[in-house]
Amino acid sequence: MSDVLSLSDVSYVRDGRPILNGIDWTVEEDQRWVILGPNGAGKTTLLRLASAGEFPTSGTVTVLGRTLGRVDVFELRNRIGMASSATARRIPAGETVRDVVLTAAYSVEGRWNEEYDRIDLRQADRILDEWELGGFAEHRFGTLSDGERKRATIARAVMTDPELLLLDEPSASLDLGARERLLRLLSGYAESSSSPAMIMVTHHVEEIPPGFTHALLIREGEIQAAGELESTLTAENLEATFGLPFELSRSRGRYAAVARGAADGADSAGAI
Ligand SMILES: Nc1ncnc2c1ncn2[C@@H]1O[C@H](COP(=O)(O)OP(=O)(O)OP(=O)(O)O)[C@@H](O)[C@H]1O
């Protein structure tokens, strides 16, 4: 398997403050990574480096075989799908959901006078169905619920068949039903062998979709643990990352974490 992303001794400093420090990390094409860490740990910054949206202060970042600083990042960005609240904010509220997805093929955020190929129209409708948005194709983006908006933003990110898909907190702010629906879709996507490498930032172990294979735990800009999900996502590593002891459990491929001593019956938890 070839590397989709490789960071070697990467540091990122802003206003004299180290935000990432000494990061070594490799993502291969069949891997689906989740990034966990406290607020301000550097998760989004890591994703921005992976999206070729930022350059490291020192060290080497290689994305899809291209080393940042030595390539045309605009060409590179076309090969990467990114869905985040920042990408959602750039979408005009009056855009139809079909156009939100379709315009990704032309790397624009609002439809103007472009003529779209029939093949792109078919692809957009197929992706809308895949992300359970078929009935919303003519709806305006600004009228969607949070859950529908998240799915539309991800549908847009996968429209161009990216070689790397980056998701920044896709289930943040969703109600329980919308979250579970999105996790089911993300899980199906992660489990498909035709899907690209994925990296997803989340705040909650409960939001890791089955099918994700690896985890990176980060604290104050430094990696606490990284590797295969099962061996990396442990109560010990969560404590080292969040500074609090946890009971961690796993059932039917889903994780749950509770601060130790915080729940009744805590002594029955902890089994993985
Ligand atoms: N361009 C910048 N200039 C100055 N500080 C920055 C910049 N980008 C990020 N930071 C700071 O770097 C730290 C890490 O930010 P980042 O958004 O990567 O964290 P995060 O782990 O994604 O946090 P959260 O979970 O709260 O979203 C924060 O303290 C943030 O204020």
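Q: Two residues are in contact if their C-beta atoms, placed from the backbone, lie within 7 Å. So which residues is Ala-155 in contact with, leaving aside its neighbours within four places in sequence?
A: With those neighbours set aside, Ala-155 touches Val-101, Ile-127, Leu-128, Trp-131 and Leu-133. A caveat: this is a predicted model, where local features need pLDDT of at least 70 and side-chain atom pairs count only at pLDDT 80 or more, while totals for chains, interfaces and linings use all residues. Residue numbers start from 1 along each chain as its sequence is written.

Q: Where is Leu-68 placed, and what is it in contact with beyond four places in sequence?
A: Leu-68 sits in the loop between S5 and helix H2 (73-77). Its contacts, neighbours within four places left out, are Ala-52, Phe-55, Pro-56, Val-61 and Val-63. Phe-55 is 13 residues away along the chain, yet the two C-alpha atoms are separated by 6.6 Å.

Q: What makes H1 mostly covered?
A: Six of its eight residues are buried: Lys-43, Thr-45, Leu-46, Leu-47, Leu-49 and Ala-50. After H1 comes Ala-52, with a positive phi near 60°. Helix H1 (residues 43-50) lies across strand S1 (3-14), S2 and S4, at about 125° to S1. That angle runs from 0 to 180 degrees between N-to-C directions, with axes fitted to C-alpha atoms, for helices over the stretch in contact.

Q: How do you know that S4 and S5 pair?
A: Pairing takes at least two bridges found by DSSP. Strand S4 (residues 58-63) and S5 have two, in the antiparallel sense, so they meet the cut-off of at least two. Within S5, Arg-66 stands opposite Val-63. The strands themselves are DSSP runs of E, at least two residues long, while helices are H or I runs of at least four, all numbered from the N terminus.

Q: Why do S2 and S5 stand at the edges?
A: The open sheet has four strands in the order S2-S1-S4-S5, with antiparallel pairing. Strand S2 (17-28) and strand S5 (66-67) each have a single partner strand, so one side of each has no neighbour in the sheet.

Q: What joins S9 to S10?
A: Strand S9 (residues 214-219) and strand S10 (residues 222-228) run antiparallel and are joined by six bridges. Arg-219 has Glu-222 in S10 as its bridge partner. The hairpin has two residues between the strands, and Glu-220 takes a positive phi near 45° there.

Q: How many residues of domain 1 are in contact with domain 2?
A: Twelve residues of domain 1 are in contact with 14 residues of domain 2. Helix H7 gives the most to the domain 1 side, with four residues.

Notes: Buried ≥ 20, exposed ≤ 12 C-beta atoms within 10 Å, placed from the backbone.
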